[in-house]
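Please keep the sequence and the 3D view open while reading.

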Amino acid sequence: TISFEKINKNAFYSRQQLAELWGYSSFHAIARGVVTPRYDNKIILFVTEKKQSSAEQYEDCLTGSILEWEGPTDHFAEDRMLKALSTGDEIHLFHRERHHTDFTYYGRLNIIDYILQLDKPSRFRFKII
């Protein structure tokens with residue numbers, strides 16, 4: 001299971017550092033924007049606001065303790081996130097302003113609002129706990 005014991009709020013982490021902390025052989029295991037480690041109750045969001053031009057240009061914005069986030073076009077883990085409070089799943093946020101920089105760990109999130117969409121990314125609003 002993934003442990004957040006050695007992860008500190010407001011500290012900076014690269015995907016490589018996190019992969020090593022969590023026992024993955026490389027950062028590729030956590031290279032997506034939404035990571036759901038097998039046999040674990042964690043959903044981990046890796047959010048980049050200013051993305052590489054070659055990447056999908058999702059509109060994501062962290063303002064204070066509110067994250068406005070567009071889910072992936074394949075809608076991966078959306079249903080699981082919506083059921084998180086009732087299933088005991090935890091949603092965690094790693095955020096960075098710009099691609100190719102380290103992520104800041106902000107802690108756990110709760111969904112406060114959402115719009116599910118089939119033909120384009122769904123929109124979520126989270127609050128940092």
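A charge is taken to sit over a ring if NZ of Lys or CZ of Arg is within 6 Å of the ring centre and within 35 degrees of the ring normal. By that criterion the charged end of Arg15 sits over the ring of Phe46, at 4.6 Å from its centre, and Arg32 lies over the face of Phe76, 4.3 Å from the ring centre. The model is predicted, so local features are reported at pLDDT of at least 70 and side-chain atom pairs only at pLDDT 80 or more, while totals for chains, interfaces and linings use all residues. Residues are numbered from 1 along each chain as its sequence is written, and side-chain values use heavy atoms, with hydrogens and water left out.

**Aromatic pairs**

- Rings of Phe, Tyr and Trp (for Trp, its six-membered ring) pair if their centres lie within 6.5 Å, and planes under 30 degrees apart count as stacked, over 60 as edge-to-face and the rest as tilted; a search of the whole structure on this basis finds 12 aromatic pairs.
- Phe4 and Tyr105 form a tilted pair, with 5.2 Å from centre to centre and 35° between the planes.
- Because Phe4 lies in the segment before E1 and Tyr105 in strand E7, this pair ties together parts that are 101 residues apart in sequence; helices (H or I, at least four residues) and strands (E, at least two) are DSSP runs, numbered from the N terminus.
- Both Phe4 and Tyr105 are buried, where buried means under 20% relative accessible area, exposed over 50% and partly exposed in between (1.4 Å probe, protein chains only).
- The ring centres of Phe46 and Phe103 are 5.2 Å apart and their planes stand at 75°, so this pair is edge-to-face.
- Phe46 belongs to strand E3 and Phe103 to strand E7, so the pair ties together parts that are 57 residues apart in sequence; Phe46 and Phe103 are also buried.
- One aromatic cluster is formed by Phe4, Tyr13, Trp22, Phe46, Phe94, Phe103 and Tyr105.

**Nonpolar cores**

- A nonpolar core is a set of buried Ala, Val, Leu, Ile, Met, Phe, Trp, Tyr and Cys residues joined through side-chain atoms within 4.5 Å; the largest one has 16 residues, of which Leu45, Leu67, Trp69, Ile91, Leu93, Leu109 and Phe126 touch the most other members.
- The elements that give two or more residues to this core are strands E3 (42-50), E5 (66-70), E6 (90-98) and E8 (123-128).
- Apart from this core lies another, of 14 residues, with Ile7, Tyr13, Val35 and Tyr105 among them.
- Contact means heavy atoms within 4.5 Å; leaving aside neighbours within four places in sequence, Trp69 is in contact with Val34, Leu45, Val47, Glu59, Asp60, Met81, Ser122, Arg123, Phe124 and Phe126.

**Strand pairing**

- Two strands pair if DSSP finds at least two bridges between them; strand E1 (residues 12-13) and strand E7 (residues 103-115) run antiparallel and are joined by two bridges, with Phe12 having Thr104 of E7 as its bridge partner.
- E6 and E7 are paired in the antiparallel sense over five bridges, and His92 has Arg108 in E7 as its bridge partner.
- The hairpin of E6 and E7 has four residues between the strands, and His100 takes a positive phi near 60° there.
- E7 and E8 are paired in the antiparallel sense over six bridges, and the bridge partner of Ile115 is Arg123 in E8.

**Individual residues**

- Lys42, found in strand E3, counts as buried at 10% relative accessibility.
- The side chain of Lys42 makes polar contacts with the side chains of Asp40, at 3.1 Å, and Asn41, at 3.4 Å (a polar contact is a pair of N or O atoms within 3.5 Å; within protein, one must be able to donate a hydrogen and the other to accept it, and residues adjacent in sequence count only if both atoms are side-chain atoms).
- His92, in strand E6, is buried with a relative accessible area of 3%, and a polar contact of 2.9 Å joins its side chain to that of Glu90.
- Not counting residues up to four places away in sequence, His92 touches Phe4, Lys42, Ile43, Ile44, Leu45, Tyr105, Gly107 and Arg108.
- Thr63, in strand E4 (residues 61-63), counts as exposed at 52% relative accessibility.
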